[in-house]
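Here are my notes for a colleague opening this structure. Please keep the view beside you while reading.

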Amino acid sequence: MAIETVLQGKYPAKAHAQRVVEYLSTKIPQPSGFLFLSGCPERFYQDCDLEIPFRQHRAFMYLSGVNAPDHHLVYEIDNNRLTLFIPPIDPESIIWAGLPPPSEEVLAKYDVDVVLPSTALGNTLETIGGRQKGTQPTIFTIPGHVEKGIEFPKEMRVDSIALKEAIDECRVVKDEYEIALLKKAIDISATAHRAVMETVRKSTSEAEIDGVFLGECAKRGAKVQAYPSIVASGRAAATMHPEGNNQSLCIDGKPKELLLIDAGAEVECYGADITRTLPISGKFTPEARAIYDLVLEMQEKCIASLKAGVLWDDAHLLAHKVAIRGLLGLGIMKGNPDEILAARTSAAFMPHGLGHFLGMDTHDAGGRSEEADPDPLFKYLRVRRRLPAGCVVTVEPGIHFGEHTIREYLSDPRHSQYIDEAVLDRFWDVGGVCIEDDILITEAGNVNLTDLPKDPEVVEQINYDG
C-alpha cells in the first residue's frame with residue numbers, strides 16, 4: 001500500500017456516515033432526519049489555565065475526520081449532506097493560539113459539504129429540522145456527545161441509543177484510508193521498537209527505554225501515543241499493565257532476564273499496538289528462550305489460523321492448546337492436556353485474551369466482550385465474534401509467571417495436580433513473555449502489518465549490533 005498517496009486524499013467522513021445510515025436501516029425501517037454530534041471541547045485542569053491533552057470523541061472523528069476541539073456536525077440522511085460547524089474567531093484567543101484556518105481552507109481539507117461557524121448552529125438546526133420529511137424524522141445522537149446548551153427542533157424526536165451501536169459496528173471494518181493511517185502508526189512504532197532493541201543492552205532503566213521509544217516516535221511526527229507505554233523488566237513483566245516504567249534493569253548488579261515493552265504511536269487518532277520481549281543482557285537464558293519460543297509458536301499458529309469468518313474464541317482456544325503442550329514439554333505442567341484445558345489451569349499462565357480489535361482505540365469498538373462470562377478462559381477476551389474481512393486485530397499471546405496469581409492455582413487441588421512446582425521455581429525470574437503484532441484480516445487469510453523482527457536469534461543479533 002502506498003500509504004502517503006492514500007493519505008493525500010481526505011478522510012472519508014461522508015462514506016462513513018453513509019455506512020452508519022445503512023446500519024441504522026437494518027434496525028430502523030427507512031430512518032429519516034439527521035445525525036448530530038459535538039466534538040470534544042477544549043478542557044483545562046482545575047484551578048489553572050493549563051490545557052488537558054486533547055482527545056477527540058471517536059464517534060465524532062469517524063463522521064468528520066476532524067481532530068480538533070469545539071466542532072459540531074450534522075449529517076442529513078435524506079440528502080446526504082454533511083455540515084461542519086467550526087469555532088468562531090475569538091480575537092483574544094488569537095493572541096495565544098494564532099489565527100484559525102478560514103472556512104474555505106477547512107472545506108478544502110475535510111470531506112464535508114458545508115462549513116459554518118458554530119454561532120450559526122441553532123438557526124441551522126431549526127432550518128434543517130423544518131425541511132425533514134418522513135413520518136417521524138429523528139435526530140440520532142449519543143449521550144455525552146452533545147454540547148451543553150444545544151437545543152434540537154422540538155418537532156423532531158431524539159434517539160440517543162441507536163447511533164452509538166451503529167458507529168461502533170461500522171468501525172470494525174476499516175476502509176483503505178483507515179488502514180493507511182494504522183499502517184503509518186504501526187511503521188513508526190516498529191521503527192521505535194527496533195531502536196529499543198538496539199539500545200536495551202546498553203540501557204540501565206525502564207525509564208531510559210521508555211524515553212528511547214517516545215523520542216523515536218516524536219522524531220517521526222507521532223508525539224501522541226495510542227496508550228501509555230508499558231516497559232517492564234524481570235518479574236514486573238508478569239503483570240499485565242504495570243505502571244511506573246521506573247525500575248532498574250539490573251538486580252544485585254546483574255541484568256534481569258527480560259524486558260517487555262508494549263508500546264504504540266498514534267497518527268490522527270489511529271494507533272498501533274506492538275509488544276516485544278527482549279533479553280536485557282543481549283542473550284536469552286535457557287529458561288527465557290524456552291518460554292519465548294513457546295510464545296512465538298503460539299502466536300505463529302494463531303496468526304496462521306486467521307481469516308474472515310473465523311470465530312475469535314477458537315483462535316484464543318488454540319493459543320491455550322499450544323501453551324499447554326509447550327508447558328507440558330518443559331515439565332512446568334503435568335498430566336493430560338485435555339484434562340488441563342477442561343480444568344482451565346492454563347489460565348494461570350495466560351490469564352488475558354489473545355488480542356482485540358485495533359483502530360481509533362487500542363481496544364477498539366465492536367468486540368462484544370462478555371466480562372460476565374464465568375469461564376476464566378474467556379472472561380477477559382475482548383472479541384467474542386467472527387472476524388469480518390477488513391478488521392484489524394492484535395495477536396498477543398503470552399506466558400506470565402505472576403506469583404500471586406499462580407500461587408492461588410497452586411493452593412487449589414483442582415489445578416495444583418497439573419503444575420510441577422519444583423520445575424516452575426526455575427522460571428519465576430523470566431517474569432513474562434508476550435509477542436504482539438497487528439493483523440489485517442482478509443477473505444483469503446490475513447496480512448501482518450507489523451514489520452518488526454521477532455525471531456529470537458535476530459533479536460539477539462540486533463541487540464549486539466546496536
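1. Three strands form it, in the order β14-β17-β18, with antiparallel pairing. Two strands count as paired if DSSP finds at least two bridges between them. Because β14 (392-395) and β18 (446-448) stand at the edges with a single partner strand each, one side of each has no neighbour in the sheet. Neighbouring strands are turned by 30° against each other on average, direction ignored; the axes are lines fitted to C-alpha atoms.

2. Look next at the pairing of β17 (residues 437-441) with β18. They run antiparallel and share three bridges. Ile439 stands opposite Asn448 of β18. Strands here are DSSP runs (E, at least two residues) and helices likewise (H or I, at least four), numbered from the N terminus.

3. Which residues of helix α13 are buried? In α13 (residues 403-410) they are Ile406, Tyr409 and Leu410. These lie on the same side of α13 because they cover an arc of only 100° around the axis. That arc is taken from the directions between the helix axis and the C-beta atoms. Buried means under 20% relative accessible area, exposed means over 50%, and partly exposed is in between (1.4 Å probe, protein chains only). The cover over the buried residues of α13 includes β15 (398-400), α14 (413-416) and α15 (421-424).

4. Asp364 is buried, with a relative accessible area of 7%. Beyond its neighbours within four places in sequence, Asp364 is in contact (heavy atoms within 4.5 Å) with Arg171, Lys174, Phe357, Leu358 and Gly359.

5. What does the side chain of Asp364 reach? At 3.0 Å, it reaches the backbone nitrogen of Asp361. A polar contact of 2.6 Å also joins the side chains of Asp364 and Arg171. Such a contact is a pair of N or O atoms within 3.5 Å; within protein, one must be able to donate a hydrogen and the other to accept it, and residues adjacent in sequence count only if both atoms are side-chain atoms.

6. Two C-alpha separations are worth checking. Asp364 and Asp425 are 61 residues apart along the chain, and their C-alpha atoms are separated by 37 Å. Lys321 and Leu341 are 20 residues apart along the chain, with C-alpha atoms separated by 7.2 Å. Lys321 sits in helix α11 (residues 312-330). Lys321 is partly exposed, at 37% relative accessible area.

7. Strand β7 (residues 230-233) is covered on both faces. Ile230 and Ala232 are buried on one side, Val231 and Ser233 on the other. In a regular strand the side chains alternate between the two faces of the sheet. β7 pairs with β10 (residues 258-263) in the antiparallel sense over four bridges. Ser233 stands opposite Leu259 in β10.

8. Now the whole chain. It holds 16 helices and 18 strands. Buried residues make up 55% of the 466 residues. The C-alpha atoms fill a box of roughly 75 × 50 × 45 Å along the principal axes. Among contacts between residues at least 6 apart in sequence, 73% join residues at least 24 apart.

9. Last, the ground rules. Residues are numbered from 1 along each chain as its sequence is written, and side-chain values use heavy atoms, leaving out hydrogens and water. In this predicted model, local features need pLDDT of at least 70 and side-chain atom pairs count only at pLDDT 80 or more, while totals for chains, interfaces and linings use all residues.

Definitions and conventions: Axes fitted to C-alpha atoms, helices over the stretch in contact; angles between N-to-C directions.
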